[in-house]
Amino acid sequence: QVQVVESGGGLVQAGGSLRLSCSASGTLIGAKTMGWYRQAPGKQRELVASVTNFDTTNYGSFVEGRFSVSRVYSKNTVYLQMHSLKPDDSGVYYCHVRFEVGPRGDYWGQGTQVAVSS
């Protein structure tokens with residue numbers, strides 16, 4: 001049973017930084033893709049950043065170079081370093097993990113709250 005657990009959210013002032021962490025446990029199989037989505041109240045969930053097992057990264061257009069995604073493959077762990085945070089970055093950030101072998105499928109964490117004050 002794959003479990004996805006995030007940490008690192010919190011309250012920060014505009015212009016500040018946060019680092020989110022996420023680990024997928026319960027399998028020794030390496031994930032194909034790991035990444036982050038976010039959802040603000042009244043809005044759809046959107047991609048923030050993702051990274052594949054070939055180190056291909058993908059970012060939401062709003063990131064504009066402020067965030068960086070990275071992973072530790074041996075530990076099925078992914079990080080999201082966020083700088084120059086804006087109030088519009090506030091929301092619940094969800095870790096997403098996709099396996100294409102072994103426990104095939106998409107897995108989500110419970111979400112971690114990010115609040116950016118102006």
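Predicted model: local features only at pLDDT ≥ 70, side-chain atom pairs only at ≥ 80, totals over all residues.
Local features need pLDDT of at least 70 and side-chain atom pairs pLDDT 80 or more, while totals for chains, interfaces and linings use all residues. Residues are numbered from 1 along each chain as its sequence is written, and side-chain values use heavy atoms, without hydrogens and water.

View 1. Asp106 sits in strand β10 (residues 105-108); strands are DSSP runs of E, at least two residues, numbered from the N terminus. At 40% relative accessibility, Asp106 is partly exposed (buried is under 20% relative accessible area, exposed over 50%, partly exposed in between; 1.4 Å probe, protein chains only). The side chain of Asp106 makes polar contacts with the side chains of His96 (2.8 Å) and Arg98 (2.6 Å). A polar contact is a pair of N or O atoms within 3.5 Å; within protein, one must be able to donate a hydrogen and the other to accept it, and residues adjacent in sequence count only if both atoms are side-chain atoms.

**View 2. The disulfide between Cys22 and Cys95.** The structure holds one disulfide, a pair of cysteine sulfur atoms within 2.5 Å. Cys22 and Cys95 are joined S to S at 2.0 Å. Cys22 lies in strand β3 (residues 18-25) and Cys95 in strand β9 (residues 91-99), so the bond ties together parts 73 residues apart in sequence. The S-S torsion is about -80°, so the disulfide is left-handed. Both Cys22 and Cys95 are buried.

**View 3. Asp106 and Thr33.** Their C-alpha atoms are 9.4 Å apart in space. In sequence, Asp106 and Thr33 are 73 residues apart.

Methods
Helix = DSSP H or I, 4+ residues; strand = E, 2+ residues; numbered from the N terminus.
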